[in-house]
Amino acid sequence: MGARSVGLPDVVPSGSLPSRVTIWEVGARDGLQNESVVVPVSVKLEFLSRLADAGLSVLEATSFVHPKWVPQLADAAELLAGLERRPGVVYPVLVPNERGLDRALEAGVSHIAIFASATETFASRNLNRTLESQFEMFAPTVARALEAGLSVRGYVSMCFGDPWEGPVSPSQVVAVGERLLEMGCSQVSLGDTIGVATPGQVEALVGGFRDVSSLAVHFHDTYGQALSNTLAALRCGVTTVDSSAGGLGGCPYAESATGNLATEDLVWMLDGLGVETGVDLDLLVSASVWMAERLGRPSPSRVVQALSK
């Protein structure tokens, strides 16, 4: 007899948690961009449709990063042209600069995200900028997006540890995040890019921001800490969590990385805590099993593995 057939998980609320959490689904973008093969547009569109069927209201669809750097998402314009946008669902796209914004505007998007670094080395290696000069690149992009009526999110990478610099000071991360918010970003997502965070670090970092309601968290499960770190963030007042259906995605900076927090694992935990997400777990598992079949390998999500037996 399977877990769902006997009514699991049992709902036992816990104090100091929000009544509802918004899941920012990144599987179609952050997940698929790490695949070694290029997934056909038709498969991506079907995946997004199935995720919407499962009740996810934020589906990060693709990226307008130069195809040379992310060939897996070179079909961004084609995907958006073929996308059936559902009522009540938003489809953000990642843009690196003004050129990416131009392409996003041509595609008719309403939500974009920019990509910043909390450390000097990562800014140099991935943005060809210094920690300070990255803001010179973001400022015109954000300003133009806001003028066009778009909502802008800011990602901050290496918030808890950097493979070249080691531990990252919370004050340094807060300084970057606050600059993005002052620039006009409506939300800042704090990324544990190499998955080294622990709950105490999460509490210390989130507590350093003036407005917790403007924060989201993005954990990788490299060392098995993603769910515990998420719970710590929720207890601090965070109400938006990034995750990837089926645990899609990897981390190129740590050999042992197991990728993004799986959306199914997150929903199982939140369902058990009585926190609303609007997500149908069974439909979500079915969507991830479907995608895993197309990728030719099983999903790393523990919940997908347990419920698809």
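Phe219 is buried (under 20% relative accessible area, where over 50% is exposed and anything in between is partly exposed, with a 1.4 Å probe and protein chains only), its relative accessible area being 2%. The model is predicted, so that local features need pLDDT of at least 70 and side-chain atom pairs count only at pLDDT 80 or more, whereas totals for chains, interfaces and linings use all residues. Residues are numbered from 1 along each chain as its sequence is written, and side-chain values use heavy atoms, with hydrogens and water left out.

Three aromatic pairs are present in the structure. Rings of Phe, Tyr and Trp (its six-membered ring) pair if their centres lie within 6.5 Å, and planes under 30 degrees apart count as stacked, over 60 as edge-to-face and the rest as tilted. Phe115 counts as partly exposed at 27% relative accessibility, while Phe122 counts as buried at 1%. Phe160 and Phe219 form a tilted pair, with 6.0 Å from centre to centre and 40° between the planes. This pair links distant parts of the chain, 59 residues apart: Phe160 lies in the loop between β6 (151-157) and β7 (161-162), and Phe219 in strand β10 (residues 215-219). Phe160 is buried, with a relative accessible area of 4%.

Charged side chains also sit over rings, a term that requires NZ of Lys or CZ of Arg within 6 Å of the ring centre and within 35 degrees of the ring normal. Arg153 lies over the face of Trp24 at 3.6 Å from the ring centre, and Arg179 lies over the face of Phe135 at 4.0 Å.

Helices (H or I, at least four residues) and strands (E, at least two) are DSSP runs, numbered from the N terminus. The protein chain has 12 helices and 11 strands. Helix α11 (residues 281-295) contains 15 residues. Its buried residues include Leu281, Val285, Trp290 and Leu295. The buried residues of α11 pack against α2 (41-53), α10 (263-273) and α12 (302-307), contact being defined as heavy atoms within 4.5 Å. At the start of α11, a side-chain oxygen of Asp280 comes to within 3.1 Å of the backbone nitrogen of Asp282. Gly296, which follows α11, has a positive phi near 75°.

Across the protein chain, 52% of the 309 residues count as buried. The C-alpha trace spans about 55 × 45 × 35 Å along its principal axes.

Methods: Expected span 1.5 Å × (residues − 1). Polar contact = N/O pair within 3.5 Å; in protein donor to acceptor, adjacent residues only side chain to side chain.
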